[in-house]
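Please examine the sequence and structure below before reading on.

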Amino acid sequence: MRMALPILIFVYKVVIMKVKTNAEITEFLSKIGEPMGITVVETEFKQGKNPNLTVYIDKEGGIDLDTCEAFHRAIDQPIDELDPTFGLPYTLNVSSLGIDRPFKTDKDFIDHIGKRVEVKLNQSIRGKKFYDGVLNSYDGKVITLKVDQKTTFTIELKNTQKVNEYIEW
């Protein structure tokens with residue numbers, strides 16, 4: 001006689017926190033950053049076991065650790081009053097954009113026209129899925145990339161995985 005083995009079923013309770021919109025948080029924090037010369041570029045809320053809100057900032061001349069720390073102190077009390085998670089705990093992080101941050105906004109692309117960028121593609125062009133070159137133009141749907149003196153590509157944004165500033169090591 002064969003014995004049936006017990007079947008163990010694990011149920012994980014996933015709690016989705018209700019949070020205010022990134023646009024609402026960004027707008028609120030931008031008012032604090034403006035007098036400090038700091039631009040709040042975006043906010044990102046990650047749910048999970050240890051939920052966290054990351055605020056990405058920039059300013060003329062770049063961001064250093066002291067600037068991140070000063071802005072964190074400046075927003076610590078006001079963001080508690082905004083209460084982005086409706087009373088639930090989270091970790092607040094303040095960060096620079098990072099050197100390899102993908103372009104997300106029109107401003108990101110426009111600010112880099114005439115500069116060298118890296119483009120990672122979904123579908124290859126001439127057998128390659130990665131190019132670097134000078135960003136010649138951007139219209140919201142298409143970029144033009146000058147790869148060398150003779151080669152310029154027009155690339156639909158929907159065919160890009162990532163476009164970011166060129167990093168020279």
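The points that follow cover the basis of the model, its cores and its largest pocket.

**Basis**
- The model is predicted: local features need pLDDT of at least 70, side-chain atom pairs count only at pLDDT 80 or more, and totals for chains, interfaces and linings use all residues.
- Residues are numbered from 1 along each chain as its sequence is written, and side-chain values use heavy atoms, with hydrogens and water left out.

**Nonpolar cores**
- A nonpolar core is a set of buried Ala, Val, Leu, Ile, Met, Phe, Trp, Tyr and Cys residues joined through side-chain atoms within 4.5 Å; buried means under 20% relative accessible area (1.4 Å probe, protein chains only).
- The largest such core comprises 17 residues, and Leu29, Val55, Ile57, Phe71 and Ile75 have the most contacts inside it.
- Two or more residues each come from helix H1 (22–33), strand S1 (39–46), strand S2 (52–58), helix H2 (65–82) and strand S3 (91–96); these are DSSP runs numbered from the N terminus (helices H or I, at least four residues; strands E, at least two).
- H2 gives the most to this core, with five residues.
- Apart from this core lies another, of 15 residues, including Phe103, Phe109, Val117 and Ile143.

**Largest pocket**
- The largest pocket holds about 570 Å³ of space, the volume being that filled by probe spheres set on the grid points, which are joined across faces, edges and corners.
- A pocket is an open set of points on a 1 Å grid over the protein atoms alone where a 1.4 Å probe fits, with protein on both sides within 12 Å along at least five of seven lines; lining residues have an atom within 4 Å of a point.
- Of its 22 lining residues, Asp58, Leu97, Arg101, Asp108 and His112 lie nearest the centre.
- Helix H3 (106–111), S1 and S2 each give two or more residues to the lining, and H3 gives the most, with three.

Note on methods. Buried < 20%, exposed > 50% of the residue type's maximum accessible area, 1.4 Å probe, protein only.
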